[in-house]
Amino acid sequence: MPRRGSLVAYGVTRLVMAFPMLLILLTVVFVVLRIIPGDPIYALYGGRAKPSVVMAQRHKLGLDQPLYLQFANYIAQVFTGNFGTSLGPIFGGQNVMDVIMQRLPATVELAVGSMLVATIIGISVGILSGINRDRIVDVVGRLYGTIIFVIPIFWLGLMLQFVFAVDLKWFPVNSRFDVSIPPPATITGLYTIDSLLKGRLDAFAVAVRHLFLPCLTLGLVLSGFFTKTVRANLLRTAGADYVEAARARGIRRRAIVMRYAFKNALIPVITVLGLEFAILFAGAVLTETTFNWNGMGLLLVNSIEVQDYPLIQGTIIVYSFIIVIISLMVDFLNGLIDPRVRY
Amino acid sequence: MTESDDSFADVKAQQPVLPRPFLGRLLHPLMENRRTLAGVLSWIGLGIVVAFIVIAVLAPILAPYPVEGPSAIVAPKLQPPSLTHLMGTDESGQDVFSRVLWGAQTSLEVMAIGVVLALAIGFPVGLYSGYSGGAVDRIILLIMDSIYAFPGLLLALLVAVMLGKGVFNIGIAITVIYIPLYYRVTRNQTLSIREETYVEAARGLGARPWTIMWSYIAYNVLVTIPVIFALSAADAILTAAGLSFLGLGIQWPTPDWGLDLSIANTFGDIGNGVWWTSFFPGLMIILLTVGLSFLGEGLNDLVNPLLKKERA
């Protein structure tokens, strides 16, 4: 048995605790999709289909079985990665998991890019705000943090499109790639990485140009959260004894901020990172819809439009897995950086 | 409070704090701190929120054109803003300004249903969970935390798919997101109040748990709620607008900001250089949510004793 407080023991505990969380999330999804008034087939057809068609569909999806059996089947499906086949007109007959995996890279690319924008802008504004406490820079920084956070992502996206794509024509309006040239061969599915691996710099430039506006949109909105957290924690650490001590030793202000206050102010930022990722994925759905970005979020929205029940369920389950895995990683990172949380 | 008043802080601290009625507890810090940044922001926020409530109530009088029925199509479609149509006209030839005014009604209705329901469920559950403690508390906490970790919009979206469109259904869909939030706040507050001397005294005198929870603890938890209420209301408006934008929220022709943005996006208005059909509805969402955030964050700075201590 690893020593209490060791990183391994902490990691194992977190891993074990992640299971109930995953199970609860899966149960919530099940409850919403199967127990809320009516049933999915009725909701999807809106009472327009013939009773015989509805019965056949219900049987096909196993919805005519008792609930406990449905639940057992559902959990079995989830953990074997078999979410059934799509019923919609676009992906009809295809394996749900395959369809989702084709779309996942686009969402990952968007998410990583946005997180990059959010961290750079959010942390810079947060530091500026924190070290200029109660001065005009701070007031502006705080207003920025509050206002940017409540701007609807889709509105910001549309406005950035209007200014930078339609009016100035600096960037393409939407979609992941130009129609005129072929996208890079699929290795990871991430256009930027793939084009670099194939040594196609032209394709890389195109991919980045397409990524820019969606990532800026989502990143700006997310940065508000970072700004507030960094500022609050910088103020907290700025008053700490070790900062006083450093000041007393005559260390320069800039060095104190960067080496002492900022480093410790980052720890709580990592803690809220998990929450930030939840907002990121919800925001990605809106961003993908605004920019016609062919990721998981747009897939979800499209499958809702064409009432493709297995695909809706599959996408939501993959989202649940991603959320649980990320919150695990954030916890682990936290334990790595701050030994105190391991107990 | 101005700088010069601070010298009396010690004297003030020694004075007994009299219990205030609910509104007083809120208005007092607002009045006393109206010169500080947090106070100013709170007042601006309150002003914006009140203005929107007035707009929502008076929409039938204020709107220059009707928004539903055949008479709502009042002009050629996609006219740029002008004196007759302050915010231009949309895809179907409706007056954007009128739709934007009426949209305040829809937004506030959905938000009110969502947030009030969430409070009505989250508060009692949190109170019970925090007061009873033990295994029950831990299980409820785990469930609520798991739901809270899930992206709110996705959860609401799932419920909205099952319930269908409409103001009331969307209100219920967004309730799901905020129940864990109210639960968390209530539970944590209950945990600390449970240990107060007067609660112990009540317990010592043989008061039943139900009485202690509702007569002694509930009120003192409730006074911390307005901050969370304002902040979650801002978030609720964003989420509801998001659902409408994704085509799951409000049914056309009901005027709704998110829906109008969705229609503008579907028709590719921006690509055609038509900015007014999306700019103005979005601006209204931002104004209202900024108002609620200012109010919530301002109140938080003024009322939250922890922050005050750090400030001193």
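**Figure 1. Chain A is built from helices.** In this predicted model, chain A has 13 helices and zero strands. Read from the N terminus, its elements therefore run α-α-α-α-α-α-α-α-α-α-α-α-α. Along the principal axes, the C-alpha atoms of chain A fill a box of roughly 85 × 60 × 40 Å. Of its 343 residues, 43% count as buried. If we take the contacts in chain A between residues at least 6 apart in sequence, 69% join residues at least 24 apart.

**Figure 2. Confidence along chain A.** The average pLDDT of chain A is 83, and 94% of the residues score at least 70.

Figure 3. Nine residues from domain 1 and seven residues from domain 2 take part in the contact. On the domain 1 side, helix 1 (7-34) and helix 2 (40-45) of chain A each supply at least two residues. Helix 1 of chain A gives the most to that side, with five residues. By class, the domain 1 side has nine nonpolar, no polar and no charged residues.

**Figure 4. The largest nonpolar core.** This core holds 178 residues, and Ala156(B) and Leu158(B) touch the most other members. Helix 11 (residues 253-291) of chain A gives the most to the core, with 17 residues. Because domain 1 and domain 2 of chain A both give residues to the core, it lies between them. Take a moment with Ala156(B): leaving aside residues up to four places away in sequence, it touches Ala173(B), Ile174(B), Val176(B), Ile177(B), Thr239(B) and Leu243(B).

**Figure 5. Where chain A meets chain B.** The contact takes 40 residues from chain A and 39 residues from chain B. On the chain A side, the elements giving two or more residues are helix 1, helix 6 (136-149), helix 7 (153-167), helix 11, helix 12 (296-305) and helix 13 (309-337) of chain A. Helix 1 of chain A makes the largest share of that side, eight residues. The side of chain A that touches chain B has 33 nonpolar, six polar and one charged residues.

**Figure 6. Helix 5 of chain B and its cover.** Helix 5 of chain B (residues 134-149) has 16 residues, which at 1.5 Å a residue should span 22 Å; its end C-alpha atoms are 22 Å apart, so the two values agree. Within this helix, Met144(B), Ser146(B), Ile147(B) and Ala149(B) are buried. What covers the buried residues of helix 5 of chain B includes elements of both chains: helix 1, helix 11 and helix 13 of chain A, along with helix 7 (167-193) of chain B.

Figure 7. Pro339(A) sits in the segment after helix 13 of chain A. Is Pro339(A) buried or exposed? Pro339(A) is exposed, because 12 other C-beta atoms lie within 10 Å and a residue with 12 or fewer counts as exposed. The C-alpha atoms of Pro339(A) and Tyr10(A) are separated by 9.8 Å, although these residues are 329 residues apart along the chain.

How values were computed. Residues are numbered from 1 along each chain as its sequence is written. Chains are lettered from A and ligands numbered from 1 in the order in which they are written. This is a predicted model: local features need pLDDT of at least 70, side-chain atom pairs count only at pLDDT 80 or more; totals for chains, interfaces and linings use all residues. Two residues are in contact if their C-beta atoms, placed from the backbone, lie within 7 Å. Helices (H or I, at least four residues) and strands (E, at least two) are DSSP runs, numbered from the N terminus. Ala, Val, Leu, Ile, Met, Phe, Trp, Tyr, Cys and Pro count as nonpolar, Asp, Glu, Lys and Arg as charged, and the others, Gly among them, as polar. A nonpolar core is a set of buried Ala, Val, Leu, Ile, Met, Phe, Trp, Tyr and Cys residues joined through C-beta atoms within 7 Å. A residue is buried if 20 or more other C-beta atoms lie within 10 Å of its own, exposed if 12 or fewer, and partly exposed in between; C-beta atoms are placed from the backbone. Domain bounds come from an automatic or database domain assignment. pLDDT is the predictor's confidence in each residue, from 0 to 100. The expected span of a helix is 1.5 Å times one less than its number of residues.
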